[in-house]
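Please open the structure below in your viewer and keep the selection tool at hand. The stops follow in order.

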Amino acid sequence: MIDLIKNLPKAELHLHIEGTLEPELMFELAKKNSVEIPYKTIEDIKKAYNFTNLQSFLDIYYAGANVLQTKEDFYALTWEYILKCVENNIIHTEIFFDPQSHTTRGISFETVLSGIKEALEDAKKEFGITSKIIMCFLRHLSQEEGFKTLEEALPFKKDIIGVGLDSSELGNPPSKFEQLFKKAKDEGFKIVAHAGEEGDVSYIYDSLDLLKVDRIDHGIQAINSKELMQRLKEEQIPLTVCPNSNIELKAFESYKEHNIKKLLDYGLNVTVNSDDPSYFKGYLNQNFINIYENLDLSKDDIIKLVKNSFNSSFLDEGTKIKYL
Ligand code: ADE
Ligand code: ZN
């Protein structure tokens with residue numbers, strides 16, 4: 001089964017490119033760009049990756065992202081992830097980036113996007129890996145700041161398939177961004193949002209009803225409402241679940257407690273993803289292996305999870321069929 005997991009061609013739908021920054025590249029870029037980081041050794045970094053909740057991770061993740069300064073840095077970051085895709089047999093990936101983490105430091109939107117985009121173009125040429133780019137609004141910032149970022153993105157619309165919502169969930173509900181997401185939808189962007197990672201089911205309901213999402217990122221708290229479970233099942237709304245992330249950020253005490261198998265058995269459209277793999281101890285295959293080893297997943301479960309990802313991707317229908 002482990003060989004099956006490794007060998008199956010897979011898609012990934014929930015991956016923050018800034019969350020693939022490996023400690024080695026962080027050091028290299030910190031030195032090159034003369035950015036101070038609070039670590040002396042790789043060991044120091046690994047020790048710091050010991051999280052208690054989402055916010056404790058985000059503080060470290062945003063500090064790490066400060067080493068990214070030039071187009072070449074964003075290219076290098078993305079290319080390293082592409083090499084992990086090759087290792088993990090990921091043949092299609094839909095990656096998030098957080099423009100505001102960079103534009104608020106004086107790095108232009110174009111610098112960030114062009115570095116990511118060129119690496120993804122080379123990934124297609126060199127390995128045949130296909131991809132889409134989704135830009136996320138940081139929900140700890142205001143809707144007004146989100147509107148500014150959306151304006152900045154409009155000249156690059158052809159390169160960005162959708163918009164998402166990430167960062168600190170608790171206290172920053174979907175309703176804060178209703179107008180912004182309405183405008184994004186009117187502009188033709190696909191819509192996703194992190195919801196029900198730490199927040200209660202109201203965050204998932206409001207993502208569906210106010211933001212009109214095409215997919216829910218995480219969504220694990222849905223299990224607390226039978227009515228919501230029924231709706232997610234009927235509408236087959238994709239949930240991009242990230243097992244390693246949920247364990248590292250203490251949503252569940254252990255893999256044995258993770259609810260992905262329950263969600264799947266209920267008939268929800270669940271997918272497996274790595275979120276921020278450099279911070280959460282493993283890329284996509286390791287996420288599959290961890291749930292397989294702890295939750296009694298069958299071969300059919302694994303195949304279903306993989307098919308769900310291709311089906312729930314933003315590939316056009318003709319291309320999807322070729323992958324399935
Ligand atoms: N940004 C990067 N990873 C995230 C996560 N798991 N939740 C919210 N925002 C994020
Ligand atoms: Zn995420």
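Select histidine 14 and its contacts: Asp217, Thr240, Cys242, Asn273 and Asp275, leaving aside residues up to four places away in sequence. Two residues are in contact if their C-beta atoms, placed from the backbone, lie within 7 Å. The model is predicted, with local features needing pLDDT of at least 70 and side-chain atom pairs counting only at pLDDT 80 or more, while totals for chains, interfaces and linings use all residues. Residues are numbered from 1 along each chain as its sequence is written, and chains are lettered from A and ligands numbered from 1 in the order in which they are written.

Show the secondary structure: histidine 14 lies in strand 1, residues 10-16. Strands (E, at least two residues) are DSSP runs, numbered from the N terminus. Histidine 14 is buried because it has 30 C-beta neighbours inside 10 Å; the cut-off for buried is 20 or more other C-beta atoms within 10 Å of the residue's own, all placed from the backbone.

Next, select histidine 194, in strand 5 (residues 190-195). It is also buried, with 28 C-beta neighbours inside 10 Å. Beyond residues up to four places away in sequence, histidine 194 touches Leu165, Asp166, Glu169, Asp217 and His218.

Now select His14, His16, His194 and Asp275 together: an unreviewed UniProt entry lists them under "binding site". They are spread over 262 residues of sequence but cluster in space, with a largest C-alpha distance of 11.8 Å. UniProt positions are given in the numbering used here, feature names are shortened, and annotations may be inferred rather than shown by experiment.

Finish at ligand 1, where the surrounding residues include His16, His194, Asp275 and Asp276. A residue belongs here if its C-beta atom, placed from the backbone, lies within 6 Å of the molecule.

Note on methods:
Helix = DSSP H or I, 4+ residues; strand = E, 2+ residues; numbered from the N terminus. Buried ≥ 20, exposed ≤ 12 C-beta atoms within 10 Å, placed from the backbone.
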